[in-house]
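Below are some notes on the pockets and charged pairs of this model. Please read them with the structure open.

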Amino acid sequence: MYYPMRVVRTATHKLIHNLNYKMPFSIDQDFYVSPTFQDILNRTAAGDTTHWYKTLQEYYYRAQWELYDLRSDPMELNNLASNPSYSPVLEELRQSLTQWQNATQDPWICSPSCILENSGVYPKSGICLPFDNHLQVH
């Protein structure tokens, strides 16, 4: 299973960075074969309600950034990352996450759009190189 994520939280908010967000979330075999997950698969295929807080599409394909207000949404059901009124909170937590990634020499600091080219002592001389070399893809 492979699905790198980074999370930072305060007493009131939680920010999740799904680094591999373009790929489906990994499902472990024991979870996949469980009666609960099989019921969700069968209900989804039949077009029935799953009685789950997410659809399978939402579970498998997650947003790159997830921001939750833990006071008003302790179940983390409402992603506020694209809500303009939460922009200051999002920016503050993103900065906090970047500081942590630098302090811990996180090799995923440039993900998902770039790769860390470490040409010296991390992070002082490492740089983020884009995967696409600025090519236009049509």
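1. The largest pocket has a volume of about 240 Å³. A pocket here is an open set of points on a 1 Å grid over the protein atoms alone, where a 1.4 Å probe fits, with protein on both sides within 12 Å along at least five of seven lines. Grid points are joined across faces, edges and corners, and the volume is the space filled by probe spheres set on the points.

2. This is a predicted model, in which local features need pLDDT of at least 70 and side-chain atom pairs count only at pLDDT 80 or more, while totals for chains, interfaces and linings use all residues. Residues are numbered from 1 along each chain as its sequence is written, and side-chain values use heavy atoms, with hydrogens and water left out.

3. The lining of the largest pocket consists of 14 residues, where a lining residue has an atom within 4 Å of a point. Nearest the centre of this pocket lie Leu19, Asn20, Pro112, Ser113 and Phe131. By class, the lining holds nine nonpolar, four polar and one charged residue. Ala, Val, Leu, Ile, Met, Phe, Trp, Tyr, Cys and Pro are counted as nonpolar, Asp, Glu, Lys and Arg as charged, and the others, Gly among them, as polar.

4. The second largest pocket holds about 190 Å³ of space. Its lining includes Tyr53, Lys54, Tyr61, Arg62 and Glu76. Five nonpolar, two polar and five charged residues make up this lining.

5. How many salt bridges are there? The count is four, a salt bridge being a side-chain nitrogen of Lys or Arg within 4 Å of a carboxyl oxygen of Asp or Glu. One of them joins Arg6 and Asp106, at 2.7 Å from N to O. Arg6 is in strand S1 (residues 5-9) and Asp106 in the loop between helix H4 (87-103) and strand S4 (114-117), 100 residues apart. Helices (H or I, at least four residues) and strands (E, at least two) are DSSP runs, numbered from the N terminus. Arg6 is buried at 17% relative accessibility, and Asp106 is buried at 3%. Buried means under 20% relative accessible area, exposed over 50%, and partly exposed in between (1.4 Å probe, protein chains only).

6. Glu76, a lining residue of the second largest pocket, forms a salt bridge with Lys14 (3.1 Å, N to O). Glu76 lies in the loop between strand S3 (65-69) and H4, and Lys14 in strand S2 (residues 13-18), 62 residues apart. Lys14 is buried, at 18% relative accessible area.

7. Asp39 and Arg43 also form a salt bridge, with the closest N and O atoms 2.9 Å apart. Both residues lie in helix H2 (residues 35-46), four residues apart, about one turn of the helix. Asp39 is partly exposed at 34% relative accessibility, as is Arg43 at 25%.
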